[in-house]
Amino acid sequence: MSVLTRDEAQTRARLLDVHHYAIDLDLTRGDDTFDSRTAIRFTVRGDTDSTDTFVEVKPAELRAVTLDGQPLDPAALDENRLALKNLAPGEHELRVDAAMRYSRTGEGMHRFTDPADGETYVYTQLFLDDVQRVYAAFDQPDLKAVFDLTVTAPEGWTVLANGVTEDTGEGRWKAATTPLISTYLVAVAAGPWHSVRTEHRGLPFGIHCRRSLAPYLDADTDELFEVTRACFDRYHEKFDEPYPFDSYDQAFVPEFNAGAMENPGLVTFRDDFVFRSAVTDTQRQTRAMVIAHEMAHMWFGDLVTLRWWDDIWLNESFAEYMGYQTTAEATRFTDTWTDFGVTRKAWGYDADQRPSTHPVAPENVPDTASALLNFDGISYAKGASALRQLVAWLGEKDFLAGINTHFERHKFANASLADFIDSLAAATDRDVHAWAESWLRTTGVDTLVPSVTGDNGSRALTVRRTGERPHRIAVGLYDQSPGDEGRLTPRGRLDLDIPQTEPRPIGKLPALVVLNDGDLSYAKIRFDADSFRAVRESLSGLPDPLTRAVVWNALRDAVRDGELPAATYLDIARTHLPHETDLALVDGVLAFAAGQVADRYVTPERRPAALSTLAELCRDLIRRTEDGDHPGLRLIAVRHRIATAAHPDTIAAWLADGIVPGGPELDPELRWRILTRLAVLGAVDEDAIAAELAIDPSATGQEGAARCRAALPDAEAKARAWEAMFASDDLSNYLFTATAQGFWQPEQSDLVREYVPRYYPEAVALAARRGPAIADAAGRWAFPAHAVDADTLRLGQECLADADPIPALRRKLADQLDDLARALRVRGANTD
């Protein structure tokens, strides 16, 4: 498929005004294809006699094309482009009649049959250039148009779209005409949905899921609508421009690749957010944040849309920042920034230290394939962190004033970084252009290092900075609590601008100095020697969870940089995590300790000791929560106790009894977790997996069974899993991921050794056949991350040099190989 270049898009935008799309889809044509008929009205600008351009479409069969009533040859389609030649200035109408393929990879029009009840659902995911899998389009974000959509669907289905839909009889559905939107934001979701509807501020609101999930959605309906209404109202307090569409539907759809997608009026979410099993409050908080994030896109991205994909941060960084901030302001989930610091920010730091890093706002994204690679921790987490720093520097009043100016100037149109900075500049006397240059046009993570000098009565603080960005941070000063050496008391918090002009007096020597306390900037921090002693002794005695998150992130960064031994990190976790109360911190620290420290940063010889330490830690948390007052903390401890089990006896007994002693009872999610770990340890067989699948034949049950089967320590099981992933092309995106998650296990390195050199050429071939979504999954989940050795690194480097993987896989492999090289360096530092 030919990718669209920025130069081509700019040329086409100069030539055309696109006014209107009439799209007619027929979803009754069978399991493999659907019919798509599109009529596009557009105007050719200019005073030349004729113009050449093209329209994009990627059909199973292109049946007919007419331009201004005259037929064009369908055979002229070149990959995904149909040339339109000799266009005279003035108005034109293009009509395209095609059969389109359903997708099984979450791209274009995805089709899913629910194994629980046999019902079928379809939905669109048209981002970034998958529009052409569904309808013919001038597919670029700055050629906005008005859309009219009609759909023919099977009997008993409901059709959802960007606007209110009407059942006109005989399976025909018509959606309300949209305002001006970009092509990639058109959305359809059709099937026998279970729907719950209400009204808010005069607008229809709805939530939808497949029928087999109805009881679980109904159990959370009140919470979902409460969060939705609260965020909706808060955005109307922040933004002068009212919500710009005619309804607000949220559809939880199966096998969705992203967390959610901001289609105007019809947000689609992965239906993992319809909780079938027990979850922690942090998971509910994450769901609320995603609701707030996608709703922010109604303004950032949908009302005002980027002109080209180099400004994706104008969509994602803003929605990320607004999602966390608005959730904290408007809902019961007030500690969202702690979760951001533990999970999302680490994502940004990691991405920004790889060779594939890029500026938050890169100056040149040459084509759509390159753009797709930038939906990463930089565009989301680093960009949101930069905006949080901007608010700290600018003040929220001026920040919101600039945003509202931006909406007023560019509503229902497109804008660039320069446009946004001009809007901010109109609201403040600060030099936001210089701020944007230093924060949005640069790469890498600054490191802030404190130095405390002077005698005990008149200490002074100096902060050394690597990098060139200005930072406005808070510095927390903490003293040991009298009579309680394990507790730290805040002495005060200093506001500090970096670079400093002179040392800052701080009085007597504090026990602990925490740079970036409150986590308002984006930088790695280090500790002076006295402060590090206090961290080792008293980390859990810090009173604020966000401060503890900053400290834990600093320890994490020091491990990754080879400055803190992995064993020391595990000792600190063993000492302090049993006393931690914040769920996001417990889960985040355990995830890093198990997934990175135990699985990659310690040698195979030391891994059993690391797992033993983590298992003991989890046992402490389980004992601490026996009173039943901390169900979320107990659930996290149980999950990680399962994952770190080195012997099957305890968790096998839990599975047999259907309960953890003292609770919780084992729901499907916990049962599949235990069964997966037992499979890794060789303590179950195919009969046990099949029996569990008979109990839970749902889609998540199918994924659990695939994961377990791939995890069995058996040569035939590994061969079958490998064949399913890399040869058959039958697995959906979710079943591919589940199989890949089960396949590689550190305990089975000898058994799967032969597959390591096979991975690279077969992943390249798979990605070329199945496209970016499967390429991403193959690079993320099917990569042999456990094989931390020079041979794996060498093979991967040779693959990148010689095999020419598609861009999505190339980026994933480059990142994985950089992480592998880092793991080798960390191991070397730990053995020196």
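Is Asp-35 buried or exposed? In this predicted model, Asp-35 is buried, at a relative accessible area of 4%. The residue belongs to strand β2, which spans residues 33–44. Two arginine side chains meet the Asp-35 side chain. A polar contact to the side chain of Arg-63 has a length of 2.9 Å. Another, to the side chain of Arg-29, has a length of 3.3 Å. Leaving out residues up to four places away in sequence, Asp-35 touches Asp-24, Leu-25, Asp-26, Arg-29, Arg-63, Ala-98 and Ala-99.

Asp-310 counts as buried because its relative accessible area is 6%, and the cut-off for burial is under 20%. Its side chain forms a polar contact of 2.5 Å with the side chain of Arg-6. Arg-6 is also among the residues that Asp-310 touches, beside Ala-361, Pro-362, Glu-363 and Val-365, when residues up to four places away in sequence are not counted.

The largest nonpolar core contains 152 residues. Within it, Phe-42 and Phe-399 have the most contacts. Helix α7 (residues 378–394) supplies the largest share of this core, with 10 residues. A second core is separate and holds 90 residues, among them Ala-554, Ala-598, Ile-636 and Val-638.

Helix α14 runs over residues 583–601 and bends by about 30° at Ala-593. Of its 19 residues, 14 are buried, so the helix is mostly covered. At its start, a side-chain oxygen of Asp-582 comes to within 3.1 Å of the backbone nitrogen of Ala-584. Ala-584 also takes part in the packing of α14 against helix α5. How do α5 and α14 lie relative to each other? Their axes come within 9 Å and cross at roughly 5°, with α5 covering residues 336–352. Angles under 35 degrees count as roughly parallel, and the two helices are therefore roughly parallel to each other. On the α5 side, the contact is made by Thr-338, Asp-339 and Val-342. On the α14 side, it is made by Ala-584, Leu-585 and Gly-588. An α-helix has 3.6 residues a turn, so residues three or four places apart point the same way.

Helix α17 (residues 649–657) holds Ile-651. Ile-651 is buried, with a relative accessible area of 0%. Apart from residues up to four places away in sequence, Ile-651 touches Ile-642, Ala-645, Ile-674, Arg-677 and Leu-678. Two long separations along the chain were also computed. Ile-651 and Gly-169 are 482 residues apart in sequence, and their C-alpha atoms are 55 Å apart in space. For Arg-753 and Asp-142, 611 residues apart along the chain, the C-alpha separation is 49 Å. Arg-753 itself lies in the loop between α22 (733–743) and α23 (755–770). At 48% relative accessible area, Arg-753 is partly exposed.

The peptide bond from Phe-127 to Leu-128 is cis, with omega near -5°. Leu-128 is located in the loop between β9 (120–125) and β10 (146–152). The bond from Ile-498 to Pro-499 is likewise cis, with omega near 10°. Pro-499 is placed in the loop between β25 (484–498) and β26 (504–507).

Asp-729 counts as partly exposed because its relative accessibility is 26%.

Technical notes. Residues numbered from 1 in each chain as written. Predicted model: local features only at pLDDT ≥ 70, side-chain atom pairs only at ≥ 80, totals over all residues. Heavy atoms only, no water. Bend = angle between axes of the 7 residues up to and from the residue. Helix = DSSP H or I, 4+ residues; strand = E, 2+ residues; numbered from the N terminus. Buried < 20%, exposed > 50% of the residue type's maximum accessible area, 1.4 Å probe, protein only. Polar contact = N/O pair within 3.5 Å; in protein donor to acceptor, adjacent residues only side chain to side chain. Core = buried A, V, L, I, M, F, W, Y, C linked by side-chain atoms within 4.5 Å. Contact = heavy atoms within 4.5 Å. Axes fitted to C-alpha atoms, helices over the stretch in contact; angles between N-to-C directions. Parallel < 35°, antiparallel > 145°, perpendicular 65-115°, else oblique.
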